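Take a walk through this structure, one kind of contact after another. Keep the sequence at hand as you read.

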Amino acid sequence: MRFSIIRFLTEKTIYQGWATLKEYFIDYTSSRGETSTLKREIFDSGDGAAVLMYDNSRRKILLIRQYRIVAQLGGDGDGWLTECCAGMLDKLDPETAIIKEIEEETGYRISKVAYLFAAYASPGAHMEKIYFYTAEYNPSMKISEGGGLSDEHEDIEIIEVDYADIEDLIYSGKVIDQKTIVLLLWAIIHILNKAK
């Protein structure tokens with residue numbers, strides 16, 4: 001196995017606001033023995049959690065739609081994306097954070113979620129690690145309209161999708177959010193394929 005050697009030289013905060021942008025210089029010795037000084041700018045907005053909510057008895061999943069400026073800037077329509085319920089950890093442990101987000105965004109009170117895995121969202125330039133979960137829900141768990149928190153300027157639409165339409169969400173391009181695609185692919189493997 002070949003190894004590279006990395007030595008950190010400097011770290012500097014370029015911007016501090018809702019998120020942090022830092023500049024790093026590192027000495028990088030490649031597996032071929034070549035040494036270079038590399039500059040990397042790394043964005044850190046904190047870690048997050050995401051959940052696929054599903055109702056086996058009615059064969060439905062629950063998704064949300066909300067405005068994302070990045071999607072509009074990227075030329076994807078008006079910027080409204082269909083996504084799974086998700087949010088930043090905000091100093092909470094991932095499970096507590098996602099249970100809180102479920103209630104705020106969807107109006108469902110869930111007491112238990114199932115952990116799947118964790119993954120970096122965009123490790124080339126972003127620190128964010130996402131913790132992925134699933135959660136079963138049913139109409140009796142609905143305690144409010146959901147829609148997010150007004151003081152966080154959230155304006156969330158709640159959508160239920162039939163199991164039969166899950167694959168179309170991905171392959172038609174109706175869902176272009178990476179974390180949601182990951183969870184929908186999990187659903188295809190572990191829910192739809194088991195039902196066949």
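Six aromatic pairs occur in this predicted model. A pair of aromatic rings is described by two things, the distance of the centres and the angle of the planes. Take phenylalanine 8 and tyrosine 24. Their ring centres are 6.1 Å apart, and their planes stand at 75 degrees, so the pair is edge-to-face. Now place the two rings on the chain. Phenylalanine 8 belongs to strand β1 (residues 5-16), while tyrosine 24 belongs to strand β2 (residues 20-29). The pair therefore ties together parts that are 16 residues apart in sequence. Are these two residues buried or exposed? Phenylalanine 8 is exposed, at 59% relative accessibility. Tyrosine 24 is buried, with a relative accessible area of 17%.

Charged side chains come next. Side chains of opposite charge can pair when their charged atoms come close. The count here is 15 salt bridges. One of them joins aspartate 27 to arginine 7, with the closest N and O atoms 2.7 Å apart. Aspartate 27 is in strand β2 and arginine 7 is in strand β1, so this bridge ties together parts that are 20 residues apart in sequence. Aspartate 27 has a relative accessible area of 16%. Buried means under 20%, so aspartate 27 counts as buried.

Another bridge links aspartate 162 and lysine 60. Their closest N and O atoms lie 2.5 Å apart. Strand β10 holds aspartate 162 and strand β5 holds lysine 60, so the pair ties together parts that are 102 residues apart in sequence. Aspartate 162 is partly exposed, with a relative accessible area of 33%.

Which residue does arginine 68 meet in a salt bridge? The partner is glutamate 83, at 2.7 Å from N to O. Arginine 68 sits in the loop between β5 and α1, and glutamate 83 sits in strand β6 (residues 80-83). These distant parts of the chain are 15 residues apart. Arginine 68 is partly exposed, with a relative accessible area of 32%. Glutamate 83 is buried, at 1% relative accessibility. The pair also belongs to a network: salt bridges that share partners join Arg68, Glu83, Asp177 and Lys179.

Now turn to the nonpolar side chains. In soluble globular proteins, they tend to be buried together. The largest nonpolar core has 23 residues. Which of them touch the most other members? They are Ala50, Leu52, Ile61, Tyr163, Ile166, Leu169 and Leu184. Strands β4 (48-55), β5 (60-67), β9 (129-136) and β10 (157-162) each give two or more residues to this core, as do helices α3 (166-171) and α4 (178-195). The largest share, seven residues, comes from α4. Look at isoleucine 166. Leaving aside neighbours within four places in sequence, isoleucine 166 is in contact with Ile61, Leu184, Ala187, Ile188 and Leu192. A second, separate core has 16 residues, among them Met53, Leu62, Ala97 and Ala135.

Tyr67, Ile69, Val70 and Leu73 make a nonpolar surface patch of about 450 Å². Helix α1 (residues 69-73) gives the largest share of the patch, three residues. Valine 70 lies in this helix. Its relative accessible area is 65%, and exposed means over 50%, so valine 70 counts as exposed.

How values were computed: Residues numbered from 1 in each chain as written. Predicted model: local features only at pLDDT ≥ 70, side-chain atom pairs only at ≥ 80, totals over all residues. Heavy atoms only, no water. Patch = residues over 30% accessible without salt bridge, like charges linked within 9 Å, V, L, I, M, F, W, Y side chains within 5 Å. Areas by Shrake-Rupley, 256 points an atom, 1.4 Å probe, with all protein chains shown as cover. Salt bridge = Lys/Arg side-chain N within 4 Å of Asp/Glu carboxyl O. Helix = DSSP H or I, 4+ residues; strand = E, 2+ residues; numbered from the N terminus. Buried < 20%, exposed > 50% of the residue type's maximum accessible area, 1.4 Å probe, protein only. Core = buried A, V, L, I, M, F, W, Y, C linked by side-chain atoms within 4.5 Å. Contact = heavy atoms within 4.5 Å. Phe/Tyr/Trp six-rings, centres within 6.5 Å; stacked < 30°, edge-to-face > 60°.
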